[in-house]
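The sequence and structure are shown first.

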Amino acid sequence: MLLIIFYLFFLLLLKPFGVARFWHPKHYRFATSTTLVRLAWTRGVALQLGVLAGQVGLLSEFSSESANPLISIENVTENELENGEAQLTKEQAEDISELEKDLTTLLTNAKHKSVDYKKSQRRALAYFIYEFEADSLSRCAHPEGTRVIELNDYEILQIEKTDEVEEGFVYTVEPCRSAAIGISVSP
């Protein structure tokens, strides 16, 4: 990412001298704007990865102080066991049980967030397929209000928008009913 910044700065410095691109092919017209977009997307992805690493707890593993209280209590307990001080006070036992409950809650919440994220990905993918990949017109007969993706000469993927399923779309593979391949058009 740092090199992209220097490259972009270098391109901007050379632009008054008539040099518009440096390592791009000659037919490449938008070197500076594409580099700016790449820089923005790279920063966005890096930010999202940082947020994700913080939520999962990867960033606390690299810090000098343990950010996770359960790890610090575990380290103290291990040190006490090594030194022969195996007796836990009532407060320490309550703290450990409370932290274990918090950890269980945290893991459950992370699992729910993961499931919700996967569901939203499926919904977005289903919407994209319906809106941008499927066609409302086809040589194969299909019901009104459905969209079609032709899989091959003899089969189609029929997509119907509905509120009955979670993703909002029902996918079915149907035989292609077309006069072009000698099959009657009537369903």
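Which residues form a nonpolar patch on the surface?

## Surface patch

The model is predicted. Its nonpolar surface patch is formed by Val45, Leu49, Leu52 and Val56, whose accessible area together is about 380 Å².

Val45, one of these four residues, lies in helix H2, which spans residues 31-56. Its relative accessibility is 44%, so Val45 counts as partly exposed.

In soluble globular proteins, nonpolar side chains tend to be buried together. In this model, the largest nonpolar core consists of six residues: Ala126, Tyr130, Ala134, Leu157, Ile159 and Phe169. Helix H5 and strand S2 (155-161) each contribute at least two residues to this core.

Ala134, a member of the core, is in contact with Ile129, Arg147, Val148, Ile149 and Ile159 when its neighbours within four places in sequence are left aside. Of these contacts, Ile159 also belongs to the core.

## Disulfide

The structure contains one disulfide. This bond joins Cys140 to Cys176, with an S to S distance of 1.8 Å. The pair links distant parts of the chain, 36 residues apart: Cys140 is located in the loop between helix H5 (90-133) and strand S1 (146-150), whereas Cys176 is in the segment after strand S3 (169-175).

The link of Cys140 and Cys176 is left-handed, with -90° about the S-S bond. Both Cys140 and Cys176 are buried.

Technical notes:
Residues numbered from 1 in each chain as written. Predicted model: local features only at pLDDT ≥ 70, side-chain atom pairs only at ≥ 80, totals over all residues. Heavy atoms only, no water. Disulfide = S-S within 2.5 Å. Helix = DSSP H or I, 4+ residues; strand = E, 2+ residues; numbered from the N terminus. Buried < 20%, exposed > 50% of the residue type's maximum accessible area, 1.4 Å probe, protein only. Patch = residues over 30% accessible without salt bridge, like charges linked within 9 Å, V, L, I, M, F, W, Y side chains within 5 Å. Areas by Shrake-Rupley, 256 points an atom, 1.4 Å probe, with all protein chains shown as cover. Salt bridge = Lys/Arg side-chain N within 4 Å of Asp/Glu carboxyl O. Core = buried A, V, L, I, M, F, W, Y, C linked by side-chain atoms within 4.5 Å. Contact = heavy atoms within 4.5 Å.
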